[in-house]
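Work through these exercises with the sequence and the 3D structure open. Try each task before you read its solution.

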Amino acid sequence: MQSGVRVCAPTAALLGPLCRGCLSRARSLPGRSFSCSPRQSSRWNSQETCSPPPPRDNPRVLITGGLGQLGVGLAQILRKQYGTENVILSDIKKPPPHVFSSGPFVYADVLDYKHLRELIVNNRITWLVHYSALLSAVGEANVALARKINITGLHNVLDLALENCLRLFVPSTIGAFGPSSPRDPAPDLCVQRPRTIYGVSKVHGELMGEYLHHKYGLDFRCLRYPGVISATTQPGGGTTDYAVQIFHDALSTGHHECYLRPDTRLPMMHISDCHRATVEFMQAPECQLSLRTYNIAAMSFTPEEVAQEIRKHLPHLKVTYNPDSVRQTIADSWPVRFDDSNARRDWGWSPAFGLEELVADMLSAIRNKRTNEGLPIS
Ligand SMILES: NC(=O)c1ccc[n+]([C@@H]2O[C@H](COP(=O)([O-])OP(=O)(O)OC[C@H]3O[C@@H](n4cnc5c(N)ncnc54)[C@H](O)[C@@H]3O)[C@@H](O)[C@H]2O)c1
């Protein structure tokens with residue numbers, strides 16, 4: 001277990017009006033300005049006690065890379081809890097009309113440090129959810145760009161989080177493990193020698209965030225997500241994407257060609273569990289966190305197992321297998337199961353969806369969508 005610096009009530013009181021991170025930086029980084037107001041600082045300190053938190057302002061949230069598979073749904077949940085105007089989605093892509101009209105959206109390139117700083121300062125951001133990334137398969141196809149977005153972009157975000165006393169969430173992945181990691185299950189702490197630029201950049205993120213937490217008190221929080229499955233948003237080029245496509249194919253043509261072998265087992269999660277885990281983890285008091293990077297798990301299945309479960313609803317589904325060497329090699333180096341016992345113990349993580357519930361929900365959501373769009377159903 002990590003020796004996380006946990007500052008609960010008595011120490012927080014000693015720190016006075018500055019948040020712990022800012023105080024450390026005031027000592028250790030001469031010449032660098034910091035901008036915690038006393039009001040903001042006392043709020044941070046109060047969150048570090050284990051007693052019920054007193055009423056406080058809503059966080060002001062910025063989500064980077066928000067137009068991918070995960071950002072829009074997370075923004076929706078956070079906006080319900082904290083108010084629409086308090087959650088700003090950002091990306092470098094043009095938002096579709098329904099996203100643009102549903103709440104604040106701004107253009108933000110994570111490689112543009114100055115512009116990102118301006119957004120954070122002008123909008124009085126207190127929580128940053130850093131979703132921008134190139135995923136595993138796309139990253140292998142463009143290593144230089146993946147390195148830029150996943151590492152240089154992350155450094156910009158880390159610096160800004162430190163400078164502005166932000167609570168920073170950066171997701172990691174099953175891809176942060178490699179062939180020498182224990183695979184069944186993979187614990188939170190073990191050997192991590194991934195062989196993709198995506199995995200390498202995610203381990204780098206985990207380590208940098210934890211380093212800045214221990215050295216300067218950055219409130220860094222990281223969850224290793226399994227492959228995320230969603231009916232309404234498209235995956236962005238990862239190795240687990242087949243587990244979304246198979247549902248669309250089952251209801252459109254009745255035939256799915258899978259790029260993985262039928263026995264390739266990987267950890268997976270329904271998107272609503274992923275969003276709930278993220279929100280609950282962001283809300284957890286600091287003193288409950290014995291780690292800064294946690295595995296979260298829900299289920300593990302193979303292509304053949306998910307196909308069997310779909311056939312209980314659509315018996316005609318045909319699946320053929322044509323393994324793609326890049327994605328199969330990546331999948332073979334990843335854990336088949338996550339040990340998430342620390343997340344369950346520390347902040348009460350518990351998934352709602354197993355394979356059966358996931359399949360029923362995905363089929364019903366995609367069927368409704370196709371019906372509404374006037375598309376045929378196989
Ligand atoms: N979806 C999953 O199954 C999964 C699993 C594990 C971890 N994650 C992590 O969760 C996060 C979000 O995943 P996702 O599936 O939504 O990713 P995604 O690929 O669907 O979306 C990433 C977004 O980042 C944006 N982006 C690219 N370059 C950018 C730049 N320079 N500046 C700002 N934005 C930029 C893209 O336009 C895209 O909208 C990622 O960090 C990913 O590594 C996702």
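Predicted model: local features only at pLDDT ≥ 70, side-chain atom pairs only at ≥ 80, totals over all residues.

## Exercise 1: The protein as a whole

Task. State how many helices and strands the protein has, and what share of its residues count as buried.

Solution. Count the elements first: there are 15 helices and 13 strands. Then take burial: 46% of the 378 residues count as buried. Finally, look at contacts between residues at least 6 apart in sequence. Of these, 77% join residues at least 24 apart.

## Exercise 2: The shell around the ligand

Task. Identify the closest residues around the ligand and sort the shell by residue class.

Solution. Start with the count. The ligand is surrounded by 28 residues, the closest being G65, G68, Q69, A133 and G236. Now look for elements that give two or more residues to this shell: they are α8 (143-163) and β8 (227-229). Last, sort by class. The shell holds 13 nonpolar, twelve polar and three charged residues.

## Exercise 3: Backbone exceptions

Task. Inspect the peptide bond between D184 and P185, then the phi angles of R124 and C165.

Solution. Recall the background: most residues other than glycine have a negative phi, and most peptide bonds are trans.

- Step 1. The bond joining D184 and P185 is cis, with omega about 0 degrees. P185 sits in the loop between β6 (172-173) and α9 (197-216).
- Step 2. R124 is not a glycine, yet its phi is positive, about 50 degrees. R124 belongs to the loop between α6 (113-122) and β4 (127-130).
- Step 3. C165 is not a glycine either, and its phi is positive at about 55 degrees. C165 lies in the loop between α8 and β5 (167-169).

## Exercise 4: Helices α13 and α7

Task. Find the buried residues of α13 and the elements they pack against.

Solution. Go through residues 325-332, which form α13: R327, I330 and A331 are buried. Now look down the axis of α13. The buried residues fall within an arc of 95 degrees, so they line one face of the helix. They pack against α7 (136-141) and β10 (266-270).

Move on to A141, which is found in α7. A141 is exposed, because 12 other C-beta atoms lie within 10 Å. The C-alpha atoms of A141 and I197 are separated by 9.9 Å, and the two residues are 56 apart along the chain.

## Exercise 5: Strand β7 and its partners

Task. Explain why β7 is largely enclosed by the rest of the structure. Then find which strands pair with β7.

Solution. Check burial first. Seven of the seven residues of β7 (219-225) are buried, so the strand is largely enclosed by the rest of the structure. Then compare directions. D219, R221, L223 and Y225 point one way, F220, C222 and R224 the other, and all are buried. In a regular strand the side chains alternate between the two faces of the sheet.

Now trace the pairings.

- β5 pairs with β7 in the parallel sense over three bridges. F169 has R221 as its bridge partner in β7.
- β6 pairs with β7 in the parallel sense over two bridges. T173 has Y225 as its bridge partner in β7.
- β11 (293-295) runs parallel to β7 and is joined to it by three bridges. R224 has N295 as its bridge partner in β11.

Finish with T293, which lies in β11. T293 counts as buried because it has 25 C-beta neighbours inside 10 Å. T293 touches S172, D188, E206, E210, C222 and R224, not counting residues up to four places away in sequence. The C-alpha atoms of T293 and R221 are separated by 6.3 Å, though the residues are 72 apart along the chain.

How values were computed
Residues numbered from 1 in each chain as written. Near = placed C-beta within 6 Å. Helix = DSSP H or I, 4+ residues; strand = E, 2+ residues; numbered from the N terminus. Nonpolar A, V, L, I, M, F, W, Y, C, P; charged D, E, K, R; others polar. Buried ≥ 20, exposed ≤ 12 C-beta atoms within 10 Å, placed from the backbone. Arc of directions from axis to C-beta. Contact = placed C-beta atoms within 7 Å. Pairing = 2+ DSSP bridges.
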